[in-house]
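Hi,

Here is the model I promised to hand over. Have a look at it first, and then read on for what turned up.

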Amino acid sequence: MSKKNRIVLAYSGGLDTSVAIGWIGERTGAEVIAVAVDVGQGGEDLEVIRQRALDCGAVEAYVADARDEFANDYCMPALKANGLYQGEYPLVSALSRPLISRHLVKAAREFGATTMAHGCTGKGNDQVRFEVSFTSIAPDLDCIAPVRDLALTRDVAIDYANKHKLPIETTKSNPFSIDQNVWGRAIETGFLEDLWNAPTKDVYSYTDDPTYPPLPDELILTFEKGIPVAIDGRKLTPLQIIQELNARAGAQGVGRIDIVEDRMVGIKSREIYEAPGAVTLIKAHQELENVTLEREQHRYKRRVDLRWGELVYEAQWFSPLKQSLDAFIDHTQGYVSGDVRIVLHGGRVTVTGRKSDTSLYDFNLATYETGDTFDQSHARGFIEIYGLSSKLAAARDVRFRHGDAFEATK
């Protein structure tokens, strides 16, 4: 490869991707452009990360504060879809990869790069998410993965960093692989790979131990068309709402998830997640949908939600089917507006009140007290017609069980 060629690297500022800058250059002869995207993962300032990339040998460093973009354009669609893979995982990492990929492609166009690079292994989901996103946005660009394609193992990375005196901490003491953003935190590997081992307290960062919680925390979430817009009447952006709920629900130990999930590459993997804000919002949103969605629409949407979560988990953010499901989901959210009162305590999110101007709940139809407007005389005929097909089948079964025709079918 000519030295004039350029490779855009998804850069986290950590050991592996810092080493990858020089490693890629040595093995390909290309110049490396480091791209760091802030999706609310916390930690170091973007300017510090940018300078580290340059100090490690990058010819250019592109950094982007994409926290609001991530909250608005990725987390909110996931909330409207009640996005949970296998019914539990709120798609923490899966949501961030297509956004990061967009910024990588933007940087490639800006700096004239021909190849993309990421630091994923060959066993995980993220390699698929990055590369499928790349081909969906910019099919003309190539892609390499230093860890997978250029033999950049962790031991090699540590030795390389020490030898070249790179400005990055090198240690083998942290047994976990961690990915985090404002929507949640994912922890894997180390002793967690033994399914019998319980997580220890040092696994968690976003949540406190729910065994000894503070006093219950009651709050009211206001939604407009499926999107949270206020807490206790205070107008906030989606990012601000997620951040506040991460703090308040996290203090109560809400959002801890321990799951064995089915990866795309065909293996099962034990994952620990912390998503206090996401879990709280999804619970409240689901409850508001219970109040505002028509029965058959609601039943079908639950099936769509399940498939939406699978598609996003499986790197199909830009797929035609996912876009079609987005259109359906957006249509269902037209009346999902109102207030949900919740109590956070001891690892639980408990809904204690719902209020909506677009509610389909009719008190006068539902009540058993004076003022009931439901005409119970209609129920007998409804039951007769509703059960008619089963009644006919049952009568046939009784008739033929005692006859020759039934015996002949045995």
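Ala-315 counts as buried because its relative accessibility is 7% (buried means under 20% relative accessible area, exposed over 50% and partly exposed in between, with a 1.4 Å probe and protein chains only). Ala-315 sits in the loop between helix 10 (295-313) and helix 11 (320-332); helices (H or I, at least four residues) and strands (E, at least two) are DSSP runs, numbered from the N terminus. The phi of Ala-315 is near 70°, a positive value in a residue other than glycine. As background, most residues other than glycine have a negative phi.

Before going further, please keep in mind that this is a predicted model: local features need pLDDT of at least 70, side-chain atom pairs count only at pLDDT 80 or more, and totals for chains, interfaces and linings use all residues. Residues are numbered from 1 along each chain as its sequence is written, and side-chain values use heavy atoms, with hydrogens and water left out.

Lys-225 also has a positive phi, of about 55°, although it is not a glycine. Lys-225 lies in the loop between strand 8 (217-224) and strand 9 (227-231). With 57% relative accessibility, Lys-225 counts as exposed.

Next, the annotated positions. UniProt positions are given in the numbering used here, feature names are shortened, and annotations may be inferred rather than shown by experiment. An unreviewed UniProt entry places the feature "binding site" at Tyr-89, Asn-125, Arg-129, Ser-177, Glu-261 and Tyr-273. Arg-129 belongs to helix 5 (residues 126-137) and, at 4% relative accessibility, counts as buried. Which residues does Arg-129 touch, not counting those up to four places away in sequence? They are Ser-93, Ala-94, Arg-97, Ser-101, Met-264, Val-312, Tyr-313 and Ala-315, where contact means heavy atoms within 4.5 Å.

Thr-121 is in the loop between strand 4 (115-117) and helix 5, and its 40% relative accessibility makes it partly exposed. Apart from neighbours within four places in sequence, Thr-121 is in contact with Gln-127, Val-147 and Arg-148.

The UniProt annotation "domain: Arginosuccinate synthase-like N-terminal" (unreviewed entry) covers residues 6-167. Over that stretch the chain is 52% helix and 15% strand, and the end C-alpha atoms are 23 Å apart.

Two helix pairs may interest you. Helix 1 (residues 15-28) and helix 7 (residues 154-163) pack at about 80°, with their axes 9 Å apart; axes are lines fitted to C-alpha atoms, for helices over the stretch in contact, and angles run from 0 to 180 degrees between N-to-C directions. Helix 1 and helix 7 are therefore roughly perpendicular to each other (angles under 35 degrees count as roughly parallel, over 145 as roughly antiparallel, 65 to 115 as roughly perpendicular and the rest as oblique).

The axes of helix 8 (residues 238-251) and helix 9 (residues 276-292) come within 7 Å and cross at roughly 100°, which makes helix 8 roughly perpendicular to helix 9. Among the residues that meet are Ile-241, Leu-245 and Ala-249 in helix 8 and Pro-276 and Leu-281 in helix 9. The contact of helix 8 with helix 9 divides into 6 nonpolar, 4 polar and no charged residues.

Thr-292 is also found in helix 9 and is buried, with a relative accessible area of 3%. Beyond neighbours within four places in sequence, its contacts include Tyr-335, Ser-356 and Leu-360.

Finally, the cysteines. How many disulfides are there? The count is 0, a disulfide being a pair of cysteine sulfur atoms within 2.5 Å. The sulfur of Cys-75 is 19 Å from the closest cysteine sulfur, in Cys-120, so the pair is too far apart for a bond. Cys-143 has its closest cysteine sulfur in Cys-120 too, at 8.8 Å, which is also too far. Cys-75 is buried at 0% relative accessibility, whereas Cys-143 is partly exposed at 24%.

Best wishes

Key: Nonpolar A, V, L, I, M, F, W, Y, C, P; charged D, E, K, R; others polar.
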